[in-house]
Every structure is written in C-alpha cells, then in structure tokens.
Amino acid sequence: MIIPQALDPVTALKQAMPDAVEDVREYGGDITIVVKPDHLQAVSQYLRDTSGLVYNFLSDVSAVDYYPDYNRPGRFGVSYHILSLLYKRRLRVKVYLPEEAPSVATVTTIWPGANWLEREIADMMGIDFVGHPDLRRLLMPDDWQGHPHRRDYPLGYETVMFSFNADEIMKHKPHATD
Amino acid sequence: MALQTAANTNDPMAEWAGSLEQLKGLVTERALTGETMLLNMGPHHPSTHGVLRLLLELDGEEVITCLPDIGFLHTGIEKNIESKSYEKAVPLTDRMDYLAPMSNNTAYCLAVEKLVGLQVPERAQIMRVICLEMTRLNSHLVWLGTHAIDLGAMSVFLYCFREREELLKMFEMLSGQRMMGSYMRPGGVWRDFPPEFLPMLENFLGYFPSRVDDYEALLTKNPIWMDRTQGVGVIEPEKAMAWGVSGPSLRGSGVAWDLRKSMPYSGYDMFDFNVPVGEHGDVYDRFMVRIREMRESVKIMQQAIKRLPAKGPFRSDNRKFVPPPRAELGQSMEAVIHHFKLWTEGFAAPDEEVFVAIESPRGELGCYLHGTGGNKPRRVHFKTPSFMHISSLPVMTHGHLIADLVAIVGSVDVVLGDCDR
Amino acid sequence: MGIISSKLGNLGVVTTTLDQAINWGRTGAMWPLLFGLACCAIEYMSTQASNYDLSRFGMELNRASPRQADLLIVSGRLTRKMAPVVRQLYDQMAAPKWVIAMGDCASCGGVYNNYAIVQGADEIIPVDVYVAGCPPRPEQLLHGILTLHEKIKGESIRDWAAPVETIRV
C-alpha cells in the first residue's frame, strides 16, 4: 500500500479554507485549530477526506465552560479531538460558542461516533447540536433541571453533620435507624 | 367488548401511548402500531454488567432496534475533580473504571504531567508499565469470568477469580488497597516497590500462562462456546472506526491499532510485544484477542522486570510539583515549605488544555484537562472506551437474536462506571 | 439452636422455639438479590468466588428476581437516576427482607458529595447493616453478613407480622 505524503494540517486547512481558521495554538505538543462555528462541518469533512490528512477517528468531544470572567471569544469551548490512524497523530479542532443559546452544527454525519459524545455535552453543558439525530438527555434523568457541568451549577453537596444540624440532615433519611 | 377509550385516564394504556409518542423516530413505525414488541432490559438485569438499560424493539426473537439508556451510575466525578487540587483528584479517577483503576490513574497523571510539563524518571515509567499490565490482566480476568457466566460456563468464573485474587494481593502490597490503589501520582508513583513484591510477581508470571491454557482448554475449542460466539455481533472495521470503537473490540475487527504500539506513552516503546488481531470482528475474535493479550502482557511484564533498575527514583524530584520525602523534612527548611505548600494549596497549572490517551484494557481512554492558572482544573473530561462501545451497540446488535445480545454486550467489555463516570 | 437431647438416642427429636427454628432457616439459606451497582459489586463477586466462598454461609444462590430474594445488597454508589429503581426492587421483594448497604457510597455517599449521588441508601430504603470501606474487603462483607445473621437471630416472627397487616388494610 502506498501511503500518500502526510500534509501539515494547519497549512493545508489555511490554504483550503482561509475563512474558517480563526487561530492556531500549540501547547505541550497538541495543535489546536480554532475554527468559526459556521465552518465546523466543512472543516471536519475536509480533515477526514483529504488524502494526506485522513483524520478518520474521532477520539473525543469535550466541552469546557469559561464562566465567569472569560478571556476567550465565547463562554463555551467545544474541542474535537481527532486522530488519524494512518499517520498516527492527533489534532484538536476547537470552536468557541457564545453564552446566549450556544449551538453548533453536529459532526455525527462525518463521524457517527460523535452521537453520544455530543448528546452528553448537550445534557451536561446545555449546548445545542443542530442536526443531531437524537438529542435527549443522556446521563441525567429526563426531568432534570439545569446542566450540571456548567461552572455556575453548584456541586450540590450535603453539609457535614454536627449535633446542631443533625435534625435537618436526618430529615432526608427517613429510613435511617440506630 | 367493553374496550376503554384512550381518553379515559383510568386506562393503563393511555400512559403507555404517551410514552410511545416519545419514541417516535427512534423505533420503527411497526412498534407504534404494536406489530413489533418493545422490551425493556435492565437496569437491573443479571447480564448487563452493571446498571445498563436497553430498550429493545423485537420482531419475534430478532432485535430490530436497540436503544441503550445509560446514566444510572453517573457519579459526577468530573465535576468533583473541578473542586479538588490536582493531586487530590487521583483517588477519584480510580473509581471510574473500577476494573482498571491504574489505567485511569495513569491517564489522569499523564494529562497533569503534560499540562505542567513534568518529567517522569525512567524507573517510574517502567514501574507504571508493570502496574498497567497487571491491571490489564486483572480486568481481562474479570471480563472472561463474567462473559463466560453470561454464556453459561460457570466454572471459568471461579478459575479467573482465583488468579485475580493473587493480583489483588500484589496490588494491596503496593498500595494498601485491593482494588482502588491510587498508586500513580503526578510525576511518578506513590512509593517504591516493596522488596517482596517483585519475587511474588515473578512467581505469578511463571505459572500464569499455564492458567491461561486452562481457560482456553475450557472455552477456545468448546463447540458450545464457538456456536454461541462465532459470527455473532460482527462489526466491520470501517464501521468500528467510524463509531469510535477502540481497544480489543477494534482489534477483533482486524485493525491493528494499539496505542501502546502506535503512539507509545510511558516508555512502552522499550518493550517487544505483539498486537493480536482478529479477522471477522465477531464475539469469538474479540475473545481470542483478549486471551492473546493476556499472554502478551505477561511478556511485557517479564521484560519490564528485567529492565527495572534496582535503585533509582520512583518519582520526579521537581519539588514544585512533588512533595519531598519524609527524611528530607528534618533537615531542610525548603523541603518543609514545599511540603506545606503542596499539601495545603497544591501546585498551579497554566490556563491551557491538553488531551492524553492511553490504551486501557477496554480501549482508548482519553483525558482532557483544562487548567485555570490556579491550583484546580477548570474542566476534566474522560473519554472512556465503554461509553463509545455502548453507543455502538445498536450497530452490533441489529438483526441478532435476543439471546446473542447478552454475548455481544459481554464481548465489548463494558463497565458502566467507566461509561457514566 | 435448640437443645438436642442426647438421652433420646437415635430418635433425633429436637426441641426449640418456633422463632429459633425459623431464624435458623432464614440465616442458613439467605438468598441475596443478584444486583450490583459499582465497584463494590466486583468485591461482592470476589466474595462469592473461589477464595472467599460465600456458599459457606448458604448464600451462593443469587436470585435475579426480587420476588425470590431475601437480601438486597446495595453494592456501590447510588445515583439519583438509579434510586427509584432500587426502591422499586426493594418494594418487589417479599417480606421478610433485609438490606445491607455495602461500601461508603451506599452508607453515606462516600467521597461523592455531589449533585448526582444519593447521600446514603437510607434516604430511600431501610438499611439493616452498614459495611464501611471503599470498597470493603470480602472479609468485611462477610462480617456484615454475619452481623445481619446475629440481628435476625434476635428477631421474632411477630416483628414481621405487623407490616403484613398494614398491607392488607
């Protein structure tokens, strides 16, 4: 099998879609390409199908919330960690989404495995993935209020029990006995 | 006939019709008319390996649609880690994939090390490799035992747990805990191997391959086992890659992709081992891949024991990230300051993001870590293999009999703690 | 259990109270529900496997149906999504029934003091024995089971009669 020469993803993408790329960063050997949310699907398609890139495996989709005082273009960041099994290298494609009604196009059409990863983010972060086939809640119960992984969602812990607040806490435990 | 109308609120069917509405688009039209049957399996079901719920649409015995429902073990570990300093989060990572705690530790520690730029001494890397491979054996043994029970072979379970007990004794020797060792730390491991550990491990590695022969004698050529597993749950390599299937399940489909070999971490490039690959991508091939992986793990550990220097650091000596040993505290004021700072505040990591992936026993385990510039992470996200495997179950189970579903769920080796986190 | 009168020779007559005889039966062959939640379920499996051999205490038979089970071992962290399911399983079990909260998470929430975890199984079901540990060693679970046996030996069938009557009303 002849493997085509590997291309540098950053220069190739900048050449093919100059409008899409907003920023390129590198940290600890990871390359991050920040793209405009509108271009995400086209960029993903390009990265998967271009010979010399072939990012054919979606490792992970992670969302991060920069609440409260973000020095980023948007409150939410969604990172797509893609992997090329052929060239054995990884790439991070990142989009920044605004605080109001964050939404981005789905990549399930390109990598079907994104299905649940995006569903999880929709559940835990409240980001809408336009065009997703089935965007029900995944991890939390259907009737849950809020999106637990947002930074403004409280961790929601129970206070430590002392003698002064024992009655308050024991109210939650009707079945507890000595 | 006195049939009640659906409008009557006393009609138990009315509620059912309401829930059918929610399933529109997810199951076929035939289910809505009642032609096919909807069956709920789980979350309490003996063979779903934990609290997995599957909503099945059945045409007779044949599975048409499989809708997995997860989250019954969602623990909020990722959110909890956000409120802890970097080092204190290690014990939480153990409890995600409770069959492979050391793999989780390592994925997290590698991410922290990458984020702060911490180097791990070579000896510590080899120690990590030994622990990781022990974890792989541990996990595969539980998988083999439970998978065999699911398919009706009871005695394999008893044999597998006999060997696993030996591994747990060694984990306990290392860390003081049988299962949740939390042995890895950012910068290395918690402490040196105790002197009696390596002889015990060598002894174990000496007889373990013959025990694998025993399991194989019970299963590999067993006609019942072959009938129930061959040609069941086939997933083609292209589909497996597209659905993010990784680890032994991907290799069972014939893709020789092992992160230990392809993108080595923690010094795996030092060792000589093979990557077993299946052909057909069915349950039997996934079984064979794991069995052969156990033998490869033994080889890796034997090489690692040979390569392990007798003396040397087991943890980085960068005092900004790694607390000083107790002996130093009595002599150096600086050590006391470092100790105090690290145990009260922890270390700070830059406001950057990293992604690290390792080959856990189940597949590609990724850790995404985003710092804040302070001592706590902004976001941790674990991409876990079980999560991807359960999401690909609809592809694998389509058109199979419901009895085979149990074999398929077992063969992709799902751990619900790993899936839901 | 009872007094065996050796004077009676081969006749094999045993005198005991009804309570003692019933409790002997209940402790000697207790059927746990085949039910696992998280990490502790793996240690529960270890307890059943060759090295610890739970069948020594008459518990090797796990029933998958709650209707046939006497003992619910809540083994692992109990999430808010799972809580209604566990409650329903408990309700489906026929009296007399007992519950062991195995591990820190099931006893008090453990290290997971957060939005997703029920802070102890006793928020939803009555618990008889709490077993500490994360996860508890098999010996600890065995100790918990034996503690439960001790508790059962102190019970009387009259204690179980009361709830049955309330159900009839």
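Two residues count as in contact if their C-beta atoms, placed from the backbone, lie within 7 Å. Keep that in mind for the exercises below, and remember that this is a predicted model.

**Exercise 1. How many residues of chain B and of chain A take part in their contact, and which elements of chain B supply at least two residues each?**

Step 1: start with the head count. Chain B brings 35 residues to the contact and chain A brings 29 residues.

Step 2: look at where the chain B residues sit. Helix H3 (77-81), H5, helix H10 (237-242), E6, E7, E8 and helix H16 (385-391) of chain B each give at least two residues to the side that touches chain A.

Step 3: sort that side of chain B by class. You get 14 nonpolar, eleven polar and ten charged residues.

**Exercise 2. Decide whether H6(B) is roughly parallel or roughly antiparallel to H18(B).**

Step 1: read the geometry. Helix H6 (residues 122-150) of chain B packs against helix H18 (residues 402-411) of chain B at an angle of about 175°, and their axes are 9 Å apart.

Step 2: apply the cut-off. Angles over 145 degrees count as roughly antiparallel, so H6(B) is roughly antiparallel to H18(B).

Step 3: see who meets whom. On the H6(B) side there are Thr146(B), His147(B) and Asp150(B), and they meet Val406(B), Ala407(B), Gly410(B) and Ser411(B) in H18(B). By class, the residues of this contact are two nonpolar, four polar and one charged.

**Exercise 3. Describe the build of chain A, and explain why it is more spread out than a compact globule.**

Step 1: list the parts. Chain A has four helices and seven strands; from the N terminus on, they run α-β-β-α-β-β-β-β-α-β-α.

Step 2: check the spread. The radius of gyration of chain A is 21 Å, while the globule rule gives 16 Å for 178 residues, so the chain is more spread out than a compact globule. Its C-alpha trace spans about 75 × 35 × 30 Å along the principal axes.

**Exercise 4. Where is confidence lowest and where is it highest in chain A, and which residues of chain C stay under 50?**

Step 1: take chain A. Its average pLDDT is 87, with 99% of the residues scoring at least 70. Helix H4 (residues 166-170) of chain A is lowest, at a mean of 81, and strand E4 (residues 76-84) of chain A is highest, at 92.

Step 2: take chain C. The average there is 83, and 86% of the residues score at least 70. Over residues 164-169 of chain C, pLDDT stays under 50, and the model has one contact beyond four places in sequence for them.

Step 3: finish with the complex. The predictor gives it an ipTM of 0.90 and a pTM of 0.90.

Definitions and conventions
Residues are numbered from 1 along each chain as its sequence is written. Chains are lettered from A and ligands numbered from 1 in the order in which they are written. This is a predicted model: local features need pLDDT of at least 70, side-chain atom pairs count only at pLDDT 80 or more; totals for chains, interfaces and linings use all residues. pLDDT is the predictor's confidence in each residue, from 0 to 100. Ala, Val, Leu, Ile, Met, Phe, Trp, Tyr, Cys and Pro count as nonpolar, Asp, Glu, Lys and Arg as charged, and the others, Gly among them, as polar. Axes are lines fitted to C-alpha atoms, for helices over the stretch in contact, and angles run from 0 to 180 degrees between N-to-C directions. Angles under 35 degrees count as roughly parallel, over 145 as roughly antiparallel, 65 to 115 as roughly perpendicular and the rest as oblique. The radius of gyration is taken over C-alpha atoms; the globule rule is 2.2 Å times the number of residues to the power 0.38.
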